[in-house]
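Here are my notes on this one, core first and then a helix. Have the viewer open as you read.

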Amino acid sequence: MGFNKNQLLILVVALAGLLILGYSSHFSNQFPIHIDEWRHITESIKLKEGNIQTGIGTSEIGFHLFLVFLSYFYDIVFIYKFLPAIWALFSALALFYITKKKTSNLNNSFMISLFSVIFFASIKSNANITGLWFFTPLTFSIPFIYLYVYYFTEGLASCNKKYIIYSLVIMIFLIPIHSISVLFSIPFLAIYSFFHSDYIKNEYRFFLLFLLIPLLGILFFSYITDSSLIGSLKDLFLQLQFRKGWGVLEINNSFLEMYSFTGYVLAVFGFIYIIETRNKLKKYFAYILWPIAVLTLIIVFKLTGMSFFSPYQRNLYYFVISLPFLSSLGLYYIIIKIGKLSIIEDKSKIIYKMI
């Protein structure tokens, strides 16, 4: 994944811009600006003092433990303003790494990967759906989402057990931090797995390891709710049904609140680029399944008032963070087409002069 000094300089400038953008909301406010950020700070302080509570409110205890860890080195209230920008940087680096890996066979792999970082930086933030301006369990999970999706899908495609283990470890790691950031991916990862069912059947003993995810999830839920395993199963099933009204402003959320119109258009071109040939479709199949599956969940919510696995607002965000990869491919696709058009025009002029 090497690149030259000029490319490194361009990447550093882009990432520096992302850091400034991520910190921009704190230019005039040196404290956490979202109520959820203050809530997580409060929970981490309680945890540090040994005040361990039970209930669904402790489902993000892993995130609170991370804040407790940081608090041993820094004043957590003081440094919190830096965390959104720092974590946006980590997320962008994860996306850059994955995009570079997935497009390594293309001549302009670096530029496509750089485009993905720029489109990621363009994702908008608001108080309801949150976003890159805030440091919450959702934003903490973003780089790990990118990584476990990549390692799981790439592991299945290449029959690489090491990659699959990586994805499993990351998923288990996220359960006590933000379990929804694992649950939302179940539909499209299940569909992707179906297309690799022969490999899964041949290695079924190995794939039984993935039963650890629901098992540990149930045990964790049973612990935080202080209920029996049987009782927690029923409660967990009910908790994973997110009805209309879970979020105060969910009815008014618009797709343009989260991503630009240009980004969406380019993502469509990225989709077209992928489905042009069977080879590209096979290579990038997971990255069109992701937005399609989450968009389907959003439509189901709009029609029925019910969202499964993850709430509507979170699905909006999971949908949007899947798009920078497609938008970067779409921009690359348009550049290729413009280049080919220029060549055709040049050749036409030469032929015209010869005539």
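1. The largest nonpolar core has 96 residues. Here a nonpolar core is a set of buried Ala, Val, Leu, Ile, Met, Phe, Trp, Tyr and Cys residues joined through side-chain atoms within 4.5 Å, and buried means under 20% relative accessible area with a 1.4 Å probe, protein chains only. F135, Y146, Y148, W290, Y317 and I321 have the most contacts inside the core. Helix α7 gives the most to it, with 13 residues; helices are DSSP runs of H or I, at least four residues, numbered from the N terminus.

2. A caveat on provenance: this is a predicted model, where local features need pLDDT of at least 70, side-chain atom pairs count only at pLDDT 80 or more, and totals for chains, interfaces and linings use all residues. Residues are numbered from 1 along each chain as its sequence is written, and side-chain values use heavy atoms, leaving out hydrogens and water.

3. Take Y146: neighbours within four places in sequence aside, it is in contact (heavy atoms within 4.5 Å) with S91, A94, L95, I98, F120, W290, I321 and P324.

4. Now have a look at α2, residues 35-48. Its buried residues are E37, H40, I41, E43, S44 and L47. Just after α2, G50 takes a positive phi of about 90 degrees.

5. For the whole protein chain, buried residues make up 49% of the 355 residues.

Conventions:
Helices (H or I, at least four residues) and strands (E, at least two) are DSSP runs, numbered from the N terminus. The expected span of a helix is 1.5 Å times one less than its number of residues. Buried means under 20% relative accessible area, exposed over 50%, partly exposed in between (1.4 Å probe, protein chains only).
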